[in-house]
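Please read it with the model open.

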Amino acid sequence: MGRRGQQRIMAAVILLLAALGLLLPIAVHHPAAFLPLLPAAMLAAVMQRLLVALIIAVLGTSVVTGLALWESGLQRPQVPLSTALVLILTWAIPVLALLSDRLAGGRWWLPGSWSRQPADHPDTGMTLPASEAGFHDLTASAAGHSATRFAALFETSRDAILLTRSSNGIALDFNEAFTQLTGHERNNGIGRPASELLRVADSNDFVRFFEMLETENHVVDLETVVITVDGRARETSLSGRYAQVDGELCVMVVLRDISARRRTETALRESEDKFARVFHRNPDAMLITRLADDLVIDVNDHFVALLQRPRAGLVGHGAHELEPQLPLAELRSQWTALIEDRDVRGEDAGGYTTAELTLTGPDGPIPALVSTTVVDIQGDPCAITLIKDMRELRQAQELVAESEARFRGAFESAPIGMMLVAPDGRITQVNRTLCELLERDADSLIDAAAESLLLAEDREPFNAHCQALIAGESEEDIGEARYLTGNGAEVITNRHMVLQLHTDGTPLHLIVQVADITEMKQSQERMERLAFYDTLTDLANRRLFTDRLEQAVRQALRHGRPAALLYLDLDNFKRVNDTLGHEAGDLLLKTVAERLRTCVRDEDTVARPGGDEFTILLQEVQDARAAGKVARKVLRQLQEPIVLGSHEVRVTASIGITLTPDDGTDPATLTKNADLAMYRAKERGRDNYQFFAEEMNTRAMERLLLENDLRSSLASSPASSPASGHFGLHYQPKVRLSGGEVVGVEALLRWTHPERGLLHAEQFMQIAEDSGLIVEIGQWVLRHACGDAARMRSASGLPLHVAVNLSPRQLSDPHLPENVSAALLAAELDPGCLELEITETMLMGNVAVAISSLSALRKLGVRLSIDDFGIGYSSLNDLKRLPIDLIKVDRGFVSDIPDNADDMAIMAAVIAMAHQLNLAVVAEGVETEAQAAFLERHGCEYGQGFLYGRPCGIEEMLTVLLSWPSSGVTPRDPQKSSKKASKSSSGGSPS
């Protein structure tokens, strides 16, 4: 081959080597473009090693080529310029590629001897291959067995590992455990600052970590709290050390989740604390002994107290020193049995023994229940013995046995029927009297449903009462109940039920007591029917209607809700009697009565005073329009034809209407006004209704003026000098019937009106109640009554008490106890000398509130009484619950004694009932010696009325008290005694 051919071959080789020098850096950067079938990690490793081999080859070839060219150039020194440029590029390109890679931060660092550790840090002992693009990619390459093993540990480690560059804190890589611990994903986390990936609750922990790392080159188990991506706190321990990654200094941080360990340690501490609390605070004595040598390991405080021996003399000593106080022979036999049982069943058998033993205490024998178990304590079998002192239990059992015997005797021999009812309603026990009452044998009653003994309509209320007792909503239930005997007869009983509880507070059974009142109820119903009902129409008669009208007036005055009275007269009734006969007339009256009942509510009253006249009492109507609506309904009902035998008649009526309190507060006045209004209706053509009062504005103006006068009078009645004002107190004596001595006085409020003169309380108290002035007036009365009482007691030397009435608004005033206490303190009067009276109708609104208010007053020590008893229809159950001392029977039950047998029977029954409830009785309106004798004969304690004196001022009352004889009744004025006092004269509410 000629020289030119050699030059061409050499140029071709140089160009090929130059091309390889250009392509190799590209192949290392993008290996997948040249070998797409191989994994990316393997391609990167192959290209790294191929680059080294080719650089060596290029350098060798370039040397050979250069020698050949040199030799050729010696023979012919002229070398082409292109050949020289190619040779320069052949040398420069690989070297520049290597240098650029090195300057770029070591992306393609070579393993082995190319790695170098900085001189300013000591040898860490670790050299790891890595890449900023991911430690994970390079560990999978053919970088050596150590890198492969580290990659496996890196990925499979249960501890979280974070690799960061020491120079700038950039995260190079982290494993899956780090992701699970913190929530950071690798694809979003690598290349970010480590401080963003590893957040700790206390920044001081990071400071300590790097200080320890700088001084000791490694950190072991620094505990801290790591905050996860979702904000949760994880307790961890941090470990770290320096490591070289391809010649660059890095920090490898290892995090270990110690939450479970912390929970275990906390649970262990809590378990130990619980054991200590259970052991030392156990109410029973406890002893721990080691079985190997009978050594006492520990005793609790109750063990020390039981045997009264010091703890220092027990712990660490032999158990034999406890004899003879403890029966060690029996205890050791228990311990031996437990050990043998554990050997057979295994250490976790958990057996125990229990026996009743007798200990010897300082004060004598101690019956005890001893329980023992064997456990391992620090590897040694130990006996834990619990000793329960049974002395109190034995005493309690004896007391229970005695109590059960007493209860059984009282239960069986009780004169009233008794049964025990389980919470599920089954009868568990009955006594002989109940079996006789219901004409059943005990076997048929036991396990029967208690409700099955009642009438069908009484069963649901009975179950409701039982559930209220079981739920604790009521303490007892008292009322009437109708039972069925074995032959189907009805028995009316007075039933009383209470709940008996277990010692743990759960319901045990209901104690049900029933007393037969069938004959009494039937007799009472016959008496009421004769005394209070019209025999023809079965409507209320004049007496019952008047009584209910009085009650309605009182309610209207107290509560401010008016009542309406309708007075009705049939038009042309006389013609029916004259033409069809009296029998047809009676049938007409019965039909009218039935129709009138359908026009009113259950709480309203329809009555027949007599003849063809009817009255209707509407309780608590809204206004006059409501009364007119009822009147129109009555007229429509009466217009319907009525068949009387073979005749059909039509009747009409004329109706007069009055409202209380606007048209009057006296039943007689209301009836008279309604009668006048009825005649006005007849005058206007019959078959219509008319109101008595048409001038409502005039009445309202009068009330307003009276209220203004009341305010002015209250303002001008100074507390220091009541006599100089317009208010004053009168007093009426209260006498003990058995001896005739004065025991107290009742304070009655009087108002001297500038124009109307002396007014009694009922004439202005409703206005005071409605306007709210009653509270201030009541305080005035309390202060002066207490002061006058102290003066009367001091002047007369008599142990008097003073009675003061309370109004509904006063009773509901939360400051009432405070006001009463202040009045007593100012007068230096003993609380037992003050008697506060409430009327029976005040209790009907809200018994629970009344009980609460009266209980607060009772705590002050004052006496409590019910005034006007017998006109309010209060429940006996409510009466039993009230914290009262005595009742004052309304004068209406006394005034007709001894002329009226019914009033005498009622009065005797009221006195007997009050005594059964441990209440004293005061009779109001006593005007004759015959009345006083009757009341005394039936056990009434006190009397009050004109027989003993009329209400008078303080000075006159002092004269009466000083001249009162030591026994007997003072002589009366014959003219005064012949007159019957009105309620306003003998009583009246002062507040």
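1. Helix α16 (residues 456–470) lies across β15, β16 (490–501) and β17. The helix runs at about 20° to β16. Contact means heavy atoms within 4.5 Å. Axes are lines fitted to C-alpha atoms, for helices over the stretch in contact, and angles run from 0 to 180 degrees between N-to-C directions. Helices (H or I, at least four residues) and strands (E, at least two) are DSSP runs, numbered from the N terminus.

2. Basis. This is a predicted model: local features need pLDDT of at least 70, side-chain atom pairs count only at pLDDT 80 or more, and totals for chains, interfaces and linings use all residues. Residues are numbered from 1 along each chain as its sequence is written, and side-chain values use heavy atoms, without hydrogens or water.

3. The sheet is open, with five strands in the order β14-β13-β17-β16-β15 and antiparallel pairing. Pairing requires at least two DSSP bridges between two strands. On average, neighbouring strands are turned by 30° against each other, direction ignored.

4. Strand β13 (residues 417–421) and strand β17 (residues 507–516) run antiparallel, joined by five bridges. Gly 417 has Val 514 of β17 as its bridge partner.

5. The axes of helix α19 (residues 573–580) and helix α20 (residues 582–597) come within 6 Å and cross at roughly 140°. So α19 is oblique to α20 (under 35 degrees is roughly parallel, over 145 roughly antiparallel, 65 to 115 roughly perpendicular, the rest oblique). Contact residues include Phe 573 and Leu 580 of α19, and His 582 and Leu 589 of α20.
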